[in-house]
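Here is a short briefing on one protein model. Keep the sequence and the 3D view open as you read.

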Amino acid sequence: MAEYPEMAARFARDTAKHEMTVLHEDGLYRHLKFMNPEHGSIGSFQIITWPYNLVVKTGWTFHFDIDATEDMFDLFRRTALTGQINPGYWSEKVRAGRDEVMGYDPDLLKAEVASTIAQWMRDDLDARVWQQAKEMGFQPEELKARPGIRKELAHQVRSDWMSANRQLREAVHEHFFSDMADYSIEYEAEAHRALHEFSFRPEGSEAEYPYYFADWHEWRLKDYTPGFLHSCFAIRHGIDMWDATRKTAEVAA
């Protein structure tokens, strides 16, 4: 399965009518332009190569180099299938434009927060079930050996657990995502501040500590930027068009 399928599909649509123009060709010294003639420069991109180097200009500019590969087209051919990209490996070869390779993604924050809440509530249910079990005189071995007991105890504590669950989710939504929130999580610094300052204890909770995000510094909140991914797709597509043109010329000859 190709990486970033939605972006791949969008790129394919946007470049479906692109044509290649060879502005310069002298061995490994190439300057190629790709554009839809009907749209002019809108959506166009350029690829420039010289030995051990490749520059792609898509509105963003990235310069790749590697001493081991004289023809950079070979590098991109070898490390991704036709129509696909390899942003992890390719990003290691970026000489200029490195600041634009990775960027904060608020969708990753939302996914991490949702995952953490789900784990909190699983842990809370386990704690409530065990507390109920102790009050009724059950031992841990009995809960493991007799799943039906645990199921019944979970049913008994479900109402209070659901109430705590609802309170927690409402508190998280108000803190991070509501229109009245004190933070704009679209910005990385604001997201970090929101994570640092969140603390909540559900009504009636007897827990020693409130809920807070203890390990958010370890979360993956960055991904490859749309600009870098677009440029990767442009390189692979441009090379594919170049190869197709060369093959057609060879057949004609």
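In which hand, left or right, does helix 4 pass helix 6? The crossing of helix 4 with helix 6 is right-handed. Note that this is a predicted model. The protein has eight helices and eight strands.

**Helix 4 against helix 6**

- Two packed helices are described by the angle between their axes and the distance between the axes.
- Helix 4 covers residues 106-135, and helix 6 covers residues 147-177.
- Their packing angle is about 150°, and their axes lie 8 Å apart.
- Angles over 145 degrees count as roughly antiparallel, so helix 4 and helix 6 are roughly antiparallel to each other.
- The residues of this contact comprise 16 nonpolar, three polar and seven charged.

**Overall form**

- The model holds eight helices and eight strands, and its radius of gyration is 27 Å.
- For 253 residues the globule rule gives 18 Å, so the protein is more spread out than a compact globule.
- Along the principal axes, the C-alpha atoms fill a box of roughly 90 × 45 × 35 Å.
- Of the 253 residues, 39% are buried.
- Take the contacts with a separation of 6 or more: 57% of them join residues 24 or more positions apart.

**Tyrosine 52**

- Most residues other than glycine have a negative phi.
- Tyrosine 52 has a positive phi, near 70°.
- Tyrosine 52 sits in the loop between strand 3 (45-50) and strand 4 (53-57).
- Its relative accessibility is 34%, so tyrosine 52 counts as partly exposed.

**Aspartate 223**

- Aspartate 223 is part of strand 8, residues 222-224.
- Is aspartate 223 buried or exposed? It counts as buried, because its relative accessibility is 14% and the cut-off for buried is under 20%.
- Leaving aside residues up to four places away in sequence, aspartate 223 touches Tyr4, Val101, Met102, Gly103 and Leu108.

**Cysteine 232**

- Cysteine 232 belongs to helix 8, residues 226-252.
- Its relative accessibility is 0%, so cysteine 232 counts as buried.
- Which residues does cysteine 232 touch, not counting those up to four places away in sequence? They are Ile85, Pro87 and Trp90.
- Cysteine 232 and serine 91 are 141 residues apart in sequence. In space, C-alpha to C-alpha, cysteine 232 and serine 91 are 9.3 Å apart.

Notes:
Residues numbered from 1 in each chain as written. Predicted model: local features only at pLDDT ≥ 70, side-chain atom pairs only at ≥ 80, totals over all residues. Heavy atoms only, no water. Axes fitted to C-alpha atoms, helices over the stretch in contact; angles between N-to-C directions. Helix = DSSP H or I, 4+ residues; strand = E, 2+ residues; numbered from the N terminus. Parallel < 35°, antiparallel > 145°, perpendicular 65-115°, else oblique. Left-handed = near helix turned anticlockwise from the far one by under 90°. Nonpolar A, V, L, I, M, F, W, Y, C, P; charged D, E, K, R; others polar. Rg over C-alpha atoms; globule rule 2.2 N^0.38 Å. Buried < 20%, exposed > 50% of the residue type's maximum accessible area, 1.4 Å probe, protein only. Contact = heavy atoms within 4.5 Å.
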